[in-house]
Amino acid sequence: MRLILVAGTTRTAEREGISAAGATRDLLLHTPSADAEILVYGEPVRAPVTPVSPSGCPTPAAVTRAARELVGFDVTIVDGGLARPSGAPTVSVGAKPGRDIGDADPVPTAPGAFAAAREFGRSLPDDELVVGETIPGGTTTAMAVFRALGEDWPTSSSLPENPVELKARVVEEAFDASEIEPGQAAHTPDLAVRFVGDPVLASASGLVVGALESDTEVVLGGGTQMLAVAALARHAGALGSLTLATTSYLAADVPELSEATDAHDVELVVTDPGFDAADAGPLSAYADGVAKEGAAMGGALYLADQADALDGVTGTTLDVLERL
């Protein structure tokens with residue numbers, strides 16, 4: 001089993017109140033690079049900090065790393081537009097960091113990244129893949145991409161209180177500046193991510209389309225951002241088996257999730273890691289609604305559950321955090 005983490009950035013995340021995927025706006029740009037290093041090495045090796053939310057909640061990459069230590073799955077990092085260098089080995093698909101979606105052309109490398117990632121996905125020898133993402137601000141760009149495709153599904157947030165009105169204003173700005181209108185990019189997913197999306201959505205959706213075209217079963221490890229990847233893949237005409245594996249915290253935050261996955265012919269699997277237990281320590285922040293998903297956490301928990309190792313995730317994650 002292989003887990004692929006697509007890591008990148010969008011300057012949309014630097015807007016005040018959009019993301020909790022970093023202690024400060026300056027450190028947000030380092031989060032995806034650090035997440036990749038934690039997943040590969042168990043600790044940051046080049047990134048200057050371990051990502052935490054402004055309230056101190058640790059990155060979900062610690063949970064994904066713990067599941068890897070328990071289960072032993074392989075990991076590949078795809079550079080989906082990293083703004084800061086990572087010490088983790090990465091596969092390049094030509095994605096560059098995303099600009100703010102209020103700009104007229106925020107992801108000009110999207111079509112090329114989609115095509116290159118599609119070829120990479122076709123070439124992988126694995127029978128089953130788990131694909132996840134790490135990109136601060138990605139739920140806002142996912143909301144805009146849904147609108148570009150002509151869909152109206154809600155997106156979650158790394159914050160306990162989802163700033164829905166703020167996101168809606170940002171999405172409105174994106175379409176005001178864009179060459180496309182809501183619904184105009186239906187069945188042309190590369191245009192949706194180019195004009196109102198982010199480079200991770202372009203890279204991840206291309207990868208998923210390529211994998212499905214080679215009859216690989218794909219598990220999308222994450223929440224509403226990975227649901228947007230599923231929508232992009234279906235709009236590209238990709239058929240095949242898709243599963244969305246997410247956490248109970250994300251599922252509780254998005255009551256429409258089951259309806260949305262059904263609409264895209266995606267099986268939904270929800271895993272409860274038990275972080276609300278008395279011995280969960282700082283992991284209880286996840287149960288309180290901070291960083292409910294990210295860094296393929298839902299997919300990693302799914303793999304741990306499949307291997308009958310879910311009971312060991314809390315203790316192993318605490319061990320990972322102690323090393324961090």
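Me: What does helix α13 (residues 297-306) lie across?
Reply: Helix α13 lies across β1 (2-7), β4 (128-134), β5 (217-221), β6 (242-247) and β7, and runs at about 95° to β6. That angle is taken between N-to-C directions on a scale from 0 to 180 degrees, using axes that are lines fitted to C-alpha atoms, for helices over the stretch in contact. This is a predicted model, where local features need pLDDT of at least 70 and side-chain atom pairs count only at pLDDT 80 or more, while totals for chains, interfaces and linings use all residues. Residues are numbered from 1 along each chain as its sequence is written, and side-chain values use heavy atoms, with hydrogens and water left out.

Me: What makes a stretch a helix or a strand here?
Reply: Both are DSSP runs, numbered from the N terminus: a helix is H or I over at least four residues, and a strand is E over at least two.

Me: How do you know that β2 (residues 74-79) pairs with β3?
Reply: Pairing requires DSSP to find at least two bridges between two strands, and three join β2 to β3, so they pair. The two strands run parallel, and I77 stands opposite T90 in β3.

Me: In what order do the strands of the sheet stand?
Reply: The seven strands follow the order β3-β2-β1-β4-β5-β6-β7 in an open sheet with parallel pairing. β3 (90-92) and β7 (267-271) each have a single partner strand, so they stand at the edges with one side left without a neighbour in the sheet. On average, neighbouring strands are turned by 25° against each other, direction ignored.

Me: Why is D215 called exposed?
Reply: Exposed means over 50% relative accessible area, buried means under 20%, and partly exposed is in between (1.4 Å probe, protein chains only). D215 has 70% relative accessibility, so it counts as exposed. D215 is in the loop between α8 and β5, and its phi is positive, about 65°, although it is not a glycine. Most residues other than glycine have a negative phi.

Me: Is A296 buried or exposed?
Reply: A296 has a relative accessible area of 1%, so it is buried. A296 sits in the loop between α12 (284-287) and α13, and it too is a non-glycine residue with a positive phi of about 65°.

Me: Why does T10 count as buried?
Reply: Its relative accessible area is 2%, so T10 is buried. T10 is in the loop between β1 and α1 (25-28).

Me: What makes the link between the side chains of T10 and T12 a polar contact?
Reply: A polar contact is a pair of N or O atoms within 3.5 Å; within protein, one must be able to donate a hydrogen and the other to accept it, and residues adjacent in sequence count only if both atoms are side-chain atoms. The T10 and T12 side chains make such a contact at 2.8 Å.

Me: How many residues are in the largest nonpolar core?
Reply: The largest core has 61 residues, and V208 and L220 have the most contacts inside it. A nonpolar core is a set of buried Ala, Val, Leu, Ile, Met, Phe, Trp, Tyr and Cys residues joined through side-chain atoms within 4.5 Å. Its largest share, nine residues, comes from α8.

Me: Which residues is V208 in contact with, leaving aside its neighbours within four places in sequence?
Reply: Contact means heavy atoms within 4.5 Å, and with those neighbours left aside, V208 is in contact with V131, V218, L220, V229, A233 and L242.
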